[in-house]
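Dear colleague,

I am handing over the structure below, together with some notes on what turned up in it. Please read the notes with the coordinates open beside you.

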Amino acid sequence: MIKKIIAVCLLSAAVVSCKKEATVSDIKPANDSIAKNETKEDQYKPIDTACSPNYKTEDYITALQWYRTKIDKEIATNSPEQNDKVYEDYVKIRNKYTSCLNDLHIDILDKYVDYHTREADTYNLPDNVKKIAAELNKAGLEFRVMGEGLTEIHSLPEYYVSVFKNKVTPDYDAYISQIAKDNKENYAVNGGLLITWEELGDRLIVWENFMNKYPKSPLIKVVKEDYHNYLLDYLLGMDSDRIYDSEEGKIYDDKREEYNRIIKKYPNSITAKKTKELIAAYDAHIPVDQIEDRINLRR
């Protein structure tokens, strides 16, 4: 019995001691609470980039915010070359999380256009959708109406500029800035161009100038691919936006007018050279199915 009493006394003493220590810690400087918060942040592990129905919107947003904080700290001390790699990795991570959010909110995305009012670019969103939109915005994301009843979750056009401007090498800086400009408007949907043909022509020149200025950039492969795809659309048209009037046997007047503008304004460009070849081929009545090979667009 005595032993038990002693044990209880010792336990009681320990509790009292702990309470005393807790009381002391309560009056430590504010810096201590900051240290605790940092430790908690350090212990946080972002969710897997593999999509899961077990994850909620807030799980993805928290992970995206955590990565943003991590990136901001890294790029502050990195060299521009190191930040180029950080940018590429960051884009991949954000794209994966964004894809998961698109899967998670497929029901909202399918109904989003139904919220459109009679006023241009105005939507009457239910409270639950407003709440999700606000959460997405915290991570630089938005609901984006793509056209033809299609809505997707995307990064805000200027998001990467806000993170990496003047923190990367000149080629990456130019690339990120131009991508932001390109993404301000939807490019195409269901085989139809959504920007004007003049805008497409100017976009080709911008990327051609990039290739000429930064021929050894690590980005050159992806830029060449994008340029080539734009060139195909520009010269061959799209399913819902044709270049050639088969009945009349000629290039549509508005397209020819744009081609002549590019040729006159940028006579020494590759874009102008290919455009001249296209016009010559059509004017010579080369069969439409042979035009592509005739001007070597696939090479």
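In this model, which is a predicted one, the side chains of N186 and R144 are joined by a polar contact of 2.9 Å. The side chain of N186 also reaches to the backbone oxygen of V145, at a distance of 2.7 Å. As for its setting, N186 sits in the loop between α8 (170–182) and β3 (188–189), and with a relative accessibility of 16% this residue counts as buried, because the cut-off for buried is under 20%.

The structure holds one disulfide, which is formed by C51 and C100, with their sulfur atoms 2.1 Å apart. The torsion about the S-S bond of this pair is about -95°, and the disulfide is therefore left-handed. Since C51 lies in the loop between α2 (31–43) and α3 (57–77), while C100 belongs to helix α4 (residues 80–104), the pair ties together parts that are 49 residues apart in sequence. The two cysteines can also be described by their accessibility: C51, at 42% relative accessibility, counts as partly exposed, whereas C100 is buried, with a relative accessible area of 2%.

How values were computed. Residues are numbered from 1 along each chain as its sequence is written. This is a predicted model: local features need pLDDT of at least 70, side-chain atom pairs count only at pLDDT 80 or more; totals for chains, interfaces and linings use all residues. Side-chain values use heavy atoms; hydrogens and water are left out. A disulfide is a pair of cysteine sulfur atoms within 2.5 Å. Helices (H or I, at least four residues) and strands (E, at least two) are DSSP runs, numbered from the N terminus. Buried means under 20% relative accessible area, exposed over 50%, partly exposed in between (1.4 Å probe, protein chains only). A polar contact is a pair of N or O atoms within 3.5 Å; within protein, one must be able to donate a hydrogen and the other to accept it, and residues adjacent in sequence count only if both atoms are side-chain atoms.
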